[in-house]
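Please open the structure in your viewer and keep the selection tool at hand. The stops below say what to select next and what is there.

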Amino acid sequence: MGAALNWSGLLSQLLEIALAVLGAPLLTGWVNQCRAWLQNKSAPPLLLPYRTLHKLFNKEAVIATHASPLFRATPYVVFGCMALACAIVPSLSTDLPLASAADAIALVGLFAVARVFIALGAFDIGTAFGTLGARREMLVGFLAEPALLMVLFTSFLISGSTSLATIVENLAGRELAIYPALAFAGVAFTMVSLAENARVPVDNPATHLELTMIHEAMILEYSGRHLALIEWAASLKLFAYSCIGLALFFPWGVARAGAPLDLFLALPVLIVKLALGGALLALIETASAKMRIFRVPEFLAGAFLLAVIGMLVHLLLGA
Amino acid sequence: MKTVVCPIFAALALTAALYHCLNHAFFKCLLFLGTGAVLHATSERNLGRLGGLLRRMPWVGWAALVGVLASSGLPPLNGFVSEWLLLQSFLFTLGLPSTFVNMLVPVVAGGVALVAALAGYTMVKFYGVIFLGQPREERLAQAHDAGAWERVGLLWLACGCVLLGLLPAQVIVLIDNVTHALVGAGLAATVRANGWLLLAPVSLERASYSPLIFLFVVAASLLLVYAMVRRLYHGRLRRAAPWDCGFPRLTPRMQDTAEGFGQPIRQVFEPFFRMQRELPSAFDAMPRYRVVVQDHFWFWIYTPIARLVENVARLIGLLQRGRIATYLLYSFATLLLMLLWVRR
């Protein structure tokens, strides 16, 4: 710990948190814009998510008469969890003092904390929609979590560490080669992140139609600043997942420890990578149709099997 | 004494197992006491007649929340520490001599992850149905909170869950004696070397976890956001009837019951259960739903054994007539047979 507490580490850590918290709504806006273009609609402004957040924060929060403190605390807890998640994913630099506090397994646990709290918050009001959303979210979550862990296991096996910073240093430091194991894991990771971020084949972030929604059903009772925090946390989650994907499968350009000037290069590289990733996400969402809720287990079982195949490929071929 | 092939891996796995036993003792007791307090206050064990008790019984409710989060294996509580150590021990076993076991171990780890996530699902159901939502029965309004000594009983277990989660390095040093006695190695030396704040069972490069820093960062960003929102905007709050998509006639019966919440699991894992469903038609004025869920193994293994034992017992029952003359006849016949056997 002592060696990690240096000024450049602290600086890159703060820069990364600030970038995530302030930049995450921009990524959401960019994905929405790309999706509108691809679907031949007139695109919403890029900064629309910020305006929505500002509007919601200004509004009075209306909550149900019998809502418990748990309901009111949930948006803050979820936001805190997502902020820590963004802090430990090496998006700009691998020199992160907080990375030693939580490795990739703890990161999965962090997402689980947010999910459990938001499901409990949905339960608290006792409406049919809220509990329906909580039920579906827990179903998707409990199938996605093992698949995500298997994806991460493949990268643990390749790099010999469960710390995300070490994994990225290890993967970025190698000469450019194609790892078949990582290719399988990458496809599995894409599937899991679509499910975890309530994206189109699994859920639809743009709808308020009761029959198709999971995430939106859970947050139906939130309004004002609570809703703003939950929306913000959702964009932070998308940002964190995108950065995990980039860190594991396209780790080049991330600044290393001891080279703080690399941050100036890492920032534009990250922006370009995120822009491409967001466009790809919009493309996937446009090209696929929402599936029935009971097809989701098959989809996620497919992701799990792909991740297992990736790991077996690594163990058998050593590649 | 058998020699242990990889003592440090064995010590890691054994530490995970022992740590989990300790954790399990704490959160299981806490949850049992919590449900006991609910039973005491409402004299009700049926989940379908509970609900909304967090507002009636805040002490029990908040203590049970700690137990629920701990047993779902969520950081920074104790259940996560043992889950983390267990997953680490799965990942570190790669140097094993047998390739087959090497390949099997990560897949089993995936199974462990599935079970841990399923525990979260169950715990949300347990807590949501009992403590959250609206009371499903009117008499739940009379439910009383735990008494002073009951609170002590719940609180010290909840504190145990929190402390075992926040100070894993100290607990592992205590477990070290046992692992030394059993496999001849322990984690105390490496854990001590990294200080009390950071848990790194093998080395810092491989894996590290610090629940205190974890909790501090989440709590700090939570409070910072709270303060910023109050400062930059406002803290106005209004209470109103639940929105529920504009539906006005909301009743507590419309909430998910425990059966309803578990329905996706029954659907997804249908081949694993033996299920009988009776669903009413859509036009039924007095609909009746009936679902009976049973275990396949009960019918494949236990029932045949039970039937076999029963048949054997019935055969023996034919001999047991309950008349002293019959038993004397049996003794006499046995004696005769034995005498004949000795003579031959």
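Which side chains meet in a salt bridge of 2.7 Å, N to O? Select R290(B) and E278(B), whose side chains make that contact, where a salt bridge is a side-chain nitrogen of Lys or Arg within 4 Å of a carboxyl oxygen of Asp or Glu. R290(B) lies in strand β3 (residues 290-295) of chain B and E278(B) in strand β2 (residues 273-278) of chain B, so the pair ties together parts that are twelve residues apart in sequence. Helices (H or I, at least four residues) and strands (E, at least two) are DSSP runs, numbered from the N terminus. At 37% relative accessibility R290(B) counts as partly exposed, and at 44% E278(B) does too; buried means under 20% relative accessible area, exposed over 50%, and partly exposed in between (1.4 Å probe, protein chains only).

Before going on, note that this is a predicted model, in which local features need pLDDT of at least 70 and side-chain atom pairs count only at pLDDT 80 or more, while totals for chains, interfaces and linings use all residues. Residues are numbered from 1 along each chain as its sequence is written, chains are lettered from A and ligands numbered from 1 in the order in which they are written, and side-chain values use heavy atoms, with hydrogens and water left out.

**A network in chain A**

The structure holds 15 salt bridges over all chains. Select R115(A) and E145(A), which meet in one of 2.5 Å, N to O, and which link helix α4 (residues 104-125) with helix α5 (residues 128-159) of chain A across 30 residues. R115(A) is buried, with a relative accessible area of 6%, and E196(A) counts as buried at 8%. With K237(A) selected as well, you have the network that shared partners join: R115(A), E145(A), E196(A) and K237(A).

**A buried charge without a salt bridge**

Next, select E16(A) in helix α1 (residues 7-38) of chain A. E16(A) is buried yet has no salt bridge, and the nearest side chain of opposite charge, K273(A), is 11 Å away (Lys and Arg count as positive and Asp and Glu as negative; His and the chain ends are not counted). The backbone nitrogen of L92(A) lies 3.5 Å from a polar atom of the E16(A) side chain.

**Aromatic rings**

Select F57(A) and Y233(B), whose ring centres are 5.0 Å apart with planes at 20°, so the pair is stacked. This pair crosses between chains, from helix α2 (residues 48-58) of chain A to the loop between α9 (211-232) and β1 (237-240) of chain B. F57(A) is buried, with a relative accessible area of 5%, whereas Y233(B) is partly exposed, with 25%.

Finally, select W298(B) and Y302(B), whose ring centres are 5.6 Å apart with planes at 35°, so the pair is tilted. Both lie in helix α12 (residues 296-319) of chain B, four residues apart, about one turn of the helix.

Methods. Rings of Phe, Tyr and Trp (its six-membered ring) pair if their centres lie within 6.5 Å; planes under 30 degrees apart count as stacked, over 60 as edge-to-face and the rest as tilted. A polar contact is a pair of N or O atoms within 3.5 Å; within protein, one must be able to donate a hydrogen and the other to accept it, and residues adjacent in sequence count only if both atoms are side-chain atoms.
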